[in-house]
Amino acid sequence: MTGPDPISDALLAAQILGVGSRLGGLALRARAGPLRSAYLTYLRDIAAAPIRRLPPGIDDARLLGGLDLAEALSTGRPVHARGLLDEVGAGTLILPMAERAASGLAARIGAALDAGAGFSVVALDEGVEAEEHCPAALTDRLALHLTLEGLRARPLPDAPAPEVLGHARRLLAAMPPTPPEAFVEAAAALGIASMRAPLLALEVARGAAAIAGRDNVAAEDAALAARLVLAPRATSLPPADETQPAPEPPAPSAPDDAEKTQDPTPSDGIPAEVLLEAARASLPPDVLAKLRAGAAAARGSPGSRGGGAGPGGHRRGRPQGRPPGDPRGPHRLDLVATLRTAAPWQPLRRKLFADPPAHILISKSDIRVRRHRQRRERLALFLVDASGSTAMGRLAEAKGAIELLLAEAYVRRDHVALIAMRGAAAETLLPPTRSLVQTKRRLAALPGGGGTPLASGLEAALTLALGARRRGRDPVLVVLTDGKANIARDGRPGRAAARADAEEMARVLRGAALPTLLIDTSPRPQRPAAELAAALDATYLPLPRADARGIGQSVGALMAAP
Amino acid sequence: MRPSFPFAAIVGQDEMKRALMLSAVDPSIGGVLVFGDRGTGKSTAVRALAARLPEISVVAGCPYNNDPAAPNPDCPHCQDAPLGRKKKVATPVIALPLGVTEDRVVGALDLERALTRGEKAFEPGLLARAHRGYLYIDEVNLLEDHIVDLLLDVAASGQNVVEREGLSVRHPAQFVIVGSGNPEEGELRPQLLDRFGLSVEIGSPQNIKARIDVIRRRDAYERDPAGFVKSYARKTGALRRKISAAQALVAEVVTPDAVLEKAAELCIALGADGLRGELTLMRAARAMAALDAKTEVEIAHLAAIAPSALRHRLRRDPLDEAGSTARVLRTVDAVLGAAKTA
């Protein structure tokens with residue numbers, strides 16, 4: 001069976017958006033192209049209310065309203081401007097390049113939607129990679145999720161006449177409440193945590209029914225809602241080999257047997273299977289793999305990590321001149337610089353007035369802001385295996401390699417930290433520092449011997465790296481080991497337990513998406529180290545093949561990457 | 001503006017509802033941190049609670065929400081306002097958007113007046129507006145660190161001190177911070193976690209019937225907000241009376257030494273750093289007793305509140321899949337188990 005045509009679904013979605021209310025809007029994943037342009041025209045033709053385009057870099061004053069600086073300065077009294085969110089009213093807001101939208105912008109639009117603003121949002125997500133996507137704070141509130149990727153452009157039909165849509169709106173307004181059971185069950189079976197999804201699906205199904213000219217939701221409306229709302233949000237597939245018996249006759253006393261949650265017969269006659277079937281059919285077969293990859297990327301992607309680590313920190317760091325600007329944005333007003341700019345113009349400006357005012361005449365072009373730039377510092381984190389097995393072979397060589405790296409780090413003014421794995425547990429020999437002398441001294445004094453507490457070492461590295469990230473540094477991890485763990489995380493010896501612990505810790509580290517280089521210090525390249533590198537998603541470099549210069553180059557490449 | 005969703009109509013999420021109510025009974029417990037998936041009703045609950053709290057009386061026209069009974073001598077608005085000019089307003093809930101600037105939070109030079117009239121005046125920020133109410137931060141884990149630092153500092157001291165651009169202003173800012181977020185998208189620094197009084201972890205209801213209830217009620221609310229709120233008027237009234245009664249009672253609640261000892265034992269067993277955990281535990285248990293209309297804290301109160309008060313204060317173990325909640329519950333059973341049944 002061929003699935004429903006995605007383009008006709010998309011057209012229906014546009015009509016539902018034009019007819020329904022409380023839908024939030026539409027998230028459209030597509031690159032700019034003829035098909036998207038044609039689709040946007042179609043949307044525009046349907047929309048009854050105005051459509052406004054929202055520039056991605058919009059400032060708060062323009063978005064939410066505020067002082068109109070230019071007007072206020074020229075008239076000498078406060079003039080307030082309305083924000084775009086006010087102006088759009090019940091219309092449609094188009095957000096181009098939604099994948100680049102700042103989380104703050106998404107949060108503000110989301111808050112306005114939550115507060116019951118009547119507009120709907122069309123978020124144009126032009127992301128190429130899986131991890132490039134519109135902030136989830138916004139997409140979660142938008143009912144319809146569409147993708148036009150991979151579809152061939154074709155001429156689209158004309159939008160339905162306004163009378164047709166008006167009729168659908170009247171039908172929708174008169175429609176009796178729809179029982180939500182099937183939608184809730186389908187959402188739960190698809191692993192959708194957000195409770196907004198079933199509610200939005202319900203509204204979409206009602207809109208679809210109205211457009212089809214029905215006065216109540218039919219199975220095909222529910223199926224459409226499942227394809228447009230539920231399927232794109234699915235995080236797990238319901239078991240495909242579900243051999244449910246034919247739906248039993250609906251029992252009117254269903255609510256009191258709460259235990260029978262699997263009961264697929266909601267009272268409204270649309271079984272959840274219809275929705276699930278529709279959702280399943282519209283998912284590509286490899287979707288689960290993709291979902292998992294997507295989830296992992298989202299967790300580890302540097303853009304999504306917390307705190308002020310983002311590059312937009314304009315408040316700290318070195319001052320970067322005093323350019324003209326708007327002090328209501330991320331930059332702060334530099335009062336002195338502003339007055340200094342305005343001063344020479346005073347006599348001229350005063351001549352413009354018959355009766356010059358007493359205060360200084362400042363125009364918008366005088367305003368200077370303070371801008372700071374924060375240089376992102378890097379932290380090279382060395383995790384050195386100083387166990388007996390390494391000490392025998394290559395500890396001296398590893399030390400030499402590190403010293404070379406240190407010299408390079410010193411030139412770049414990077415921070416360096418040193419953790420040794422030796423004996424029962426890892427030891428942080430040197431917390432992040434810029435002191436080359438100290439690092440060299442500690443390194444030289446590092447004796448070899450004892451076991452390899454790999455898990456404990458990785459844990460210490462993770463803690464340090466996360467701490468550095470919170471301070472706005474970019475950590476890079478360099479592990480020098482032969483990968484032969486023999487001390488478990490709790491300090492007890494034992495190869496099997498040690499390996500299991502190390503593997504598990506490596507998985508956690510991988511989730512932190514830390515650029516990692518693993519240098520194999522064993523005499524010959526060996527399995528354990530290569531396996532550890534794979535588990536860490538690290539670049540693997542066997543020492544025998546790498547002279548110190550090679551290592552330096554590898555680390556340099558790793559550090560230049562972000 | 002449509003009326004907010006009734007607190008009493010929220011299905012499940014008992015721990016979150018309880019934590020929010022406790023913070024209303026005794027604001028000194030500190031803020032509430034809600035971690036959970038999107039669309040699980042975090043912001044709905046916060047707004048819903050504040051709308052049902054007893055109204056506060058403020059000096060009319062005062063941007064700092066000052067109490068007419070205790071006017072701030074430094075506040076020009078309170079000084080200018082004719083005596084007795086006061087009004088009742090709902091407990092404020094101020095939402096702090098992501099990407100907010102420091103100026104907006106603490107207040108800044110009033111550009112409008114500075115540029116057009118040449119006056120140096122202070123434009124109060126969000127902290128002033130949140131005084132005596134709630135400051136709600138969605139996605140607190142994504143907020144810039146220096147803003148979070150600032151918020152927690154003000155919340156702890158109850159005063160906002162502004163020294164910038166030639167302004168020197170201080171004004172009271174006592175509020176309860178409610179932060180929410182999705183832990184998968186970023187974590188809070190441990191120092192910050194510790195500053196929140198209570199933390200709750202929520203998810204969407206696992207039971208289909210509860211989920212259906214959520215959707216049904218939400219749908220009914222969306223259809224007719226005013227009518228839906230009205231249908232919960234009785235439950236809302238009862239809730240408001242319960243909180244008012246507890247607010248009046250909480251100062252009288254006594255804590256027996258035996259309970260204090262158990263609280264200390266619990267914190268030591270869990271290795272919760274610092275005394276903040278114990279303090280919060282005791283305050284929360286007292287508020288819990290007050291909500292129960294009891295004048296003495298019982299071990300059961302302690303056991304009930306321990307997960308919320310302590311789970312975010314433990315040292316994190318990156319490999320512990322079960323999470324801190326399980327650890328707290330295990331320890332609660334071990335330490336309080338005998339006492340609870342006794």
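## Strands 4 and 7 of chain B

Strand 4 of chain B pairs with strand 7 (residues 133-138) of chain B in the parallel sense, over 4 bridges. Strands here are DSSP runs of E with at least two residues, helices are runs of H or I with at least four, and both are numbered from the N terminus. Two strands pair if DSSP finds at least two bridges between them. B:Val93 stands opposite B:Tyr134, which is in strand 7 of chain B.

This is a predicted model, in which local features need pLDDT of at least 70 and side-chain atom pairs count only at pLDDT 80 or more, while totals for chains, interfaces and linings use all residues. Residues are numbered from 1 along each chain as its sequence is written, and chains are lettered from A and ligands numbered from 1 in the order in which they are written.

## The parallel sheet of chain B

In chain B, 5 strands form an open sheet in the order 4-7-10-1-11, with parallel pairing. Strand 4 (93-96) and strand 11 (198-202) of chain B are the edge strands, each pairing on one side only. Neighbouring strands of this sheet are turned by 20° against each other on average, direction ignored. Helix 1 (residues 14-25) of chain B packs on the sheet and touches strand 1 (32-36), strand 10 (175-181) and strand 11 of chain B. The direction of helix 1 makes about 160° with that of strand 11 of chain B. Axes are lines fitted to C-alpha atoms, for helices over the stretch in contact, and angles run from 0 to 180 degrees between N-to-C directions. Two residues are in contact if their C-beta atoms, placed from the backbone, lie within 7 Å.

## Positive phi in chain B

Most residues other than glycine have a negative phi. B:Gln13 has a positive phi, near 50°, and lies in the segment before helix 1 of chain B. B:Gln13 is buried, because 24 other C-beta atoms lie within 10 Å. A residue is buried if 20 or more other C-beta atoms lie within 10 Å of its own, exposed if 12 or fewer, and partly exposed in between, with C-beta atoms placed from the backbone.

B:Arg132 also has a positive phi, near 70°. B:Arg132 is in the loop between helix 6 (126-130) and strand 7 of chain B. B:Arg132 counts as buried because it has 20 C-beta neighbours inside 10 Å.

## Helix 13 and chain B as a whole

Helix 13 (residues 276-291) of chain B has 16 residues and reaches 22 Å from its first C-alpha to its last. That is close to the 22 Å expected at 1.5 Å a residue, where the expected span is 1.5 Å times one less than the number of residues. Helix 13 of chain B is mostly covered, with 13 of its 16 residues buried. After the helix comes B:Ala293, whose phi is positive, near 60°.

Chain B holds 15 helices and 11 strands. Of its 342 residues, 50% are buried. Among contacts in chain B with a separation of 6 or more, 75% are between residues 24 or more positions apart. The average pLDDT of chain B is 80, and 88% of the residues score at least 70; pLDDT is the predictor's confidence in each residue, from 0 to 100. Among the elements of chain B, helix 13 has the highest mean pLDDT (90) and helix 3 (residues 76-80) the lowest (67). For the complex, the predictor gives an ipTM of 0.74 and a pTM of 0.69.

## The mixed sheet of chain A

In chain A, 6 strands form an open sheet in the order 14-13-12-15-16-17, and the pairing is mixed. Its edge strands are strand 14 (425-433) and strand 17 (539-542) of chain A, each pairing on one side only. The twist averages 15° from one strand to the next. Strand 12 (residues 377-385) and strand 13 (residues 415-422) of chain A pair in the parallel sense over 7 bridges. A:Leu381 has A:Ala417, in strand 13 of chain A, as its bridge partner.

Helix 18 (residues 436-444) of chain A packs on the sheet, touching strand 13 and strand 14 of chain A, and its direction makes about 160° with that of strand 14. Helix 19 (residues 454-470) of chain A lies across strand 12, strand 13, strand 14 and strand 15 (473-481) of chain A, and runs at about 165° to strand 15.

## A:Ala225

A:Ala225 is in helix 11 (residues 219-230) of chain A. A:Ala225 is buried, because 32 other C-beta atoms lie within 10 Å. Apart from its neighbours within four places in sequence, A:Ala225 is in contact with A:Ala201, A:Val204, A:Ala205 and A:Ala208. The C-alpha atoms of A:Ala225 and A:Pro198 are separated by 9.4 Å, and the two residues are 27 residues apart along the chain.
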